[in-house]
Amino acid sequence: MELGDRMLRALLSGLGRKGGTRGWAFSSWQPYLPLAGLLSATEVVSHWTAVFEKRGIPEAQASSEYIVAHVLGAKTFQSLRPVLRTQPLSPWQLQHVQKLSSYRLQRMPVQYILGEWDFQGLSLKMAPPVFIPRPETEELVEWVLKEVTQSSCPMGAQGGPLILEVGCGSGAISLSLLSQLPQSRVIAVDKGEAAICLTQENAQRLRLLDRIQIVPLDVTLEGSWSHLLPWGPMDLVVSNPPYIFHQDMEQLAPEIRRSIFLEVDPRHPELVGSWLQSRPDLSLDLVAVRKDFCGRPRFLHIRRSGPQCGCLMEA
């Protein structure tokens, strides 16, 4: 009852406020700002969870928890010290929560609102329009790491694999592999200028610039793969693309020495397998399909076949 009274007073005092943010359109109505000095972090989370649920915002509680935790200087709400969960928020903190929550009400992803997100233990900057890595993508990285560490085959001139990532986005996959494979090197390509800049910034933040080459490249253009020839054969190719298997894969195939790991739509594995069987001239086999944590076929392992394949990793 007491909380409801405070909410009602806050509602009456907050009606008519207007606001906006660059790049995201706002309606004239915005949720009220609760009275400063009266609401704890836990109560603010409950309040915004209810607002998000009423407006049909997905993952309402998680969204409000991340926003409040961010304002209080923590990664997650669960990591907050108990005292910070119960003590009243300051006027500035409440105002900041309201501002970020207003973005969420316009369906801006939480990752963009916070400006960063953790992936494989790395804190990466996130910014639109670059795609946000899905939780399932961490499983793709873990699969690649497992295959590399279990392989007894020599890789690369420097003792570690030379990895090509097609469509690097924020750099999440490339930088995760670099951080966990100290001898590895990565060639990361993307056709988007925003993605190239974001990968560059994240690599610099993580002090991994010395082992990654970030190349602006549209792999769907004819002859584009020739730009990668100076780096020599790649040990691994990894990708989480917004598309799957273009005719340009034919140009890539002769330069693949070991494997391709792909994250795909669950409807694609059967199509990819059938397509590869219809193209024996490519000398590529679909050797494994792995499901994500929801049980959907999400990841593919493709490798060279025939006598030219050399020493290959078993999926």
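This is a predicted model: local features need pLDDT of at least 70, side-chain atom pairs count only at pLDDT 80 or more; totals for chains, interfaces and linings use all residues.
Guide: Residues are numbered from 1 along each chain as its sequence is written, and side-chain values use heavy atoms, with hydrogens and water left out.

Visitor: Why are α2 and α5 called roughly parallel?

Guide: The axes of α2 (residues 41-54) and α5 (residues 91-105) cross at roughly 20° and come within 11 Å. Angles under 35 degrees count as roughly parallel, over 145 as roughly antiparallel, 65 to 115 as roughly perpendicular and the rest as oblique, and therefore α2 and α5 are roughly parallel to each other.

Visitor: Which residues of α2 make the contact with α5?

Guide: Val 44, Trp 48, Val 51 and Phe 52 of α2 do so, where contact means heavy atoms within 4.5 Å.

Visitor: Why does Gln 111 count as buried?

Guide: Buried means under 20% relative accessible area, exposed over 50%, and partly exposed in between, with a 1.4 Å probe and protein chains only. Gln 111 has 15% relative accessibility and therefore counts as buried.

Visitor: What makes Pro 266 partly exposed?

Guide: Pro 266 has a relative accessibility of 26%, and so it counts as partly exposed. Pro 266 is placed in the loop between β7 (256-263) and α11 (268-277), and, not counting residues up to four places away in sequence, Pro 266 touches Arg 296, Pro 297 and Arg 298.

Notes
Helices (H or I, at least four residues) and strands (E, at least two) are DSSP runs, numbered from the N terminus. Axes are lines fitted to C-alpha atoms, for helices over the stretch in contact, and angles run from 0 to 180 degrees between N-to-C directions.
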